[in-house]
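Trainee: I am new to this structure. Could we go through it together, one question at a time?

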Amino acid sequence: MSKVTQIAHPLILHKLAFIRDKNTGSKDFRELVEEVAMLMAYEVTRDFQLEEVEIETPICKTKCKMLAGKKVAIVPILRAGLGMVDGVLKLIPAAKVGHIGLYRDEKTLKPVEYFCKLPQDIGDREVIVTDPMLATGGSAADAITLLKKKGAKNIRLMCLIAAPEGVKAVMDAHPDVDIYVGSVDEKLNESGYIVPGLGDAGDRLFGTK
């Protein structure tokens with residue numbers, strides 16, 4: 001069964017307050033999203049497997065721990081998920097990056113796929129799906145379904161802010177996928193936006209309306 005981890009670190013909560021603020025401009029918004037993603041990646045990777053290796057320091061030979069086994073893929077859900085990629089890459093620079101394009105039909109609120117490009121060895125990688133907002137959960141659930149069809153087996157979802165409805169939707173659809181969030185907010189409003197949320201993450205990242 002999947003688990004939901006709320007990463008309530010003081011630095012994350014502090015930066016999320018600025019991200020939520022309607023007066024924060026696109027430049028600062030982008031930088032803050034990247035910073036929070038980097039901080040969250042520390043926790044998302046906490047259970048990665050290690051192996052013992054022998055290295056030589058300037059003094060002597062010694063045994064140390066290094067990451068073992070599966071490599072990492074970061075898969076943003078376009079377009080807002082792009083804002084989190086560089087933050088994760090700062091911690092895991094060798095990760096490969098895939099892209100999944102989904103948009104929300106404004107009438108049905110259901111996601112529609114328009115793009116998918118993934119590393120060829122996606123099935124051999126630890127996959128971190130990024131999307132700042134987990135609202136209805138439809139886009140995230142569909143993106144994870146698509147990843148599984150392409151062979152991905154080890155998937156975790158990383159979001160800045162989630163609504164309880166979105167968390168439940170992903171857990172119901174994918175009980176094998178762990179979810180990491182900075183905050184679980186109150187609810188969705190009638191337009192499908194998270195309350196209190198931060199508005200439209202894509203528009204705020206890229207300065208569009």
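Trainee: In which helix does Ser139 lie?
Mentor: This is a predicted model, where local features need pLDDT of at least 70, side-chain atom pairs count only at pLDDT 80 or more, and totals for chains, interfaces and linings use all residues. Residues are numbered from 1 along each chain as its sequence is written, and side-chain values use heavy atoms, with hydrogens and water left out. Helices (H or I, at least four residues) and strands (E, at least two) are DSSP runs, numbered from the N terminus. Ser139 belongs to the run of residues 138-149, helix 4.

Trainee: Which residues does Ser139 touch?
Mentor: Contact means heavy atoms within 4.5 Å. Residues up to four places away in sequence are not counted. That leaves Ile77, Leu102 and Pro111.

Trainee: How far apart in space are Ser139 and Leu118?
Mentor: In sequence they are 21 residues apart. In space, C-alpha to C-alpha, the distance is 17 Å.

Trainee: How are helix 1 and helix 2 oriented to each other?
Mentor: Axes are lines fitted to C-alpha atoms, for helices over the stretch in contact, and angles run from 0 to 180 degrees between N-to-C directions. Helix 1 (residues 10-20) and helix 2 (residues 26-44) have axes 10 Å apart, at an angle of about 155°. Angles under 35 degrees count as roughly parallel, over 145 as roughly antiparallel, 65 to 115 as roughly perpendicular and the rest as oblique. Helix 1 and helix 2 are therefore roughly antiparallel.

Trainee: How many charged residues are in the contact of helix 1 with helix 2?
Mentor: Leu11, Ile12, Lys15, Phe18 and Ile19 of helix 1 meet a set in helix 2 that includes Phe29, Glu35 and Met40. Of the contact residues, 10 are nonpolar and none polar. Nonpolar covers Ala, Val, Leu, Ile, Met, Phe, Trp, Tyr, Cys and Pro; charged covers Asp, Glu, Lys and Arg; the others, Gly among them, are polar. The charged residues number two.

Trainee: How are helix 2 and helix 3 oriented to each other?
Mentor: Their axes come within 7 Å. They cross at roughly 45°. Helix 2 and helix 3 are therefore oblique.

Trainee: How many polar residues does the contact of helix 2 with helix 3 have?
Mentor: Residues of helix 2, among them Val33, Ala37 and Tyr42, meet residues of helix 3, including Gly83, Gly87 and Leu91. Eight of the contact residues are nonpolar and three are charged. The polar ones number two.

Trainee: Which residue does a cis peptide bond join to Leu78?
Mentor: Most peptide bonds are trans. Here omega is about 0°. The partner of Leu78 is Arg79.

Trainee: Where does Pro196 lie?
Mentor: The peptide bond from Val195 to Pro196 is cis, with omega near 0°. Pro196 lies in the loop between strand 13 (194-195) and helix 6 (201-206).

Trainee: Which element has the lowest mean pLDDT?
Mentor: pLDDT is the predictor's confidence in each residue, from 0 to 100. The mean for the chain is 93. Strand 10 (residues 154-162) has the highest element mean, 97. The lowest, 85, belongs to strand 6 (residues 99-104).
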